[in-house]
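Below is a briefing on one protein model.

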Amino acid sequence: MKIEAYSFGRMVVDGATYDRDLIIRPGGVMPDWWRKDGHKLQPVDIEAIVNEDRPAVLIVGTGKYGLMKVPPETTKWLQDRGVELVAERTDAAVERFNTLAQSKRVVGAFHLTC
């Protein structure tokens with residue numbers, strides 16, 4: 001899967017346009033991704049994806065301005081499962097996703113707005 005474009009509130013993945021937060025998995029896109037606590041990524045928000053897809057890397061797009069946070073307990077939860085975490089503003093996370101997805105098993109979780 002390739003992210004073709006990103007702008008505030010909009011992402012194009014393999015020709016399909018999304019206007020809500022999403023997760024990109026090896027098997028496809030999971031649209032309309034909601035988190036338990038909007039701007040805070042908790043293990044419960046990604047548990048099923050990590051357990052099912054077993055990514056080597058989880059790339060988190062924290063929003064155009066980086067307002068979504070990844071607390072230390074989520075980072076530790078991922079480390080305990082052997083998953084590398086890359087958390088960056090969504091612009092940078094898109095670039096990192098497209099690069100790493102060519103050589104590693106990657107899941108991307110993207111906040112598209114703030």
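The points that follow are grouped by topic.

This is a predicted model, in which local features need pLDDT of at least 70, side-chain atom pairs count only at pLDDT 80 or more, and totals for chains, interfaces and linings use all residues. Residues are numbered from 1 along each chain as its sequence is written, and side-chain values use heavy atoms, with hydrogens and water left out.

**Open sheet**
- Five strands form an open sheet of mixed pairing, in the order β5-β4-β8-β6-β7 (strands are DSSP E runs of at least two residues, helices H or I runs of at least four, numbered from the N terminus; two strands pair if DSSP finds at least two bridges between them).
- The edge strands, β5 (28-30) and β7 (84-88), each pair on one side only.
- From one strand to the next, the twist averages 15° (axes are lines fitted to C-alpha atoms, for helices over the stretch in contact, and angles run from 0 to 180 degrees between N-to-C directions).
- Five bridges link β6 and β7 in the parallel sense, and V60 stands opposite A87 in β7.

**Helix on the sheet**
- Helix α1 (residues 43-53) lies across β4 (22-25), β5, β6 and β8 (106-110), at about 5° to β4 (contact means heavy atoms within 4.5 Å).

**Hairpins**
- Strands β1 (residues 3-7) and β2 (residues 10-13) run antiparallel, joined by four bridges.
- Two residues separate β1 and β2 in their hairpin, where G9 in the turn has a positive phi of about 80°.
- In the hairpin of β2 and β3, D14 takes a positive phi near 50°.
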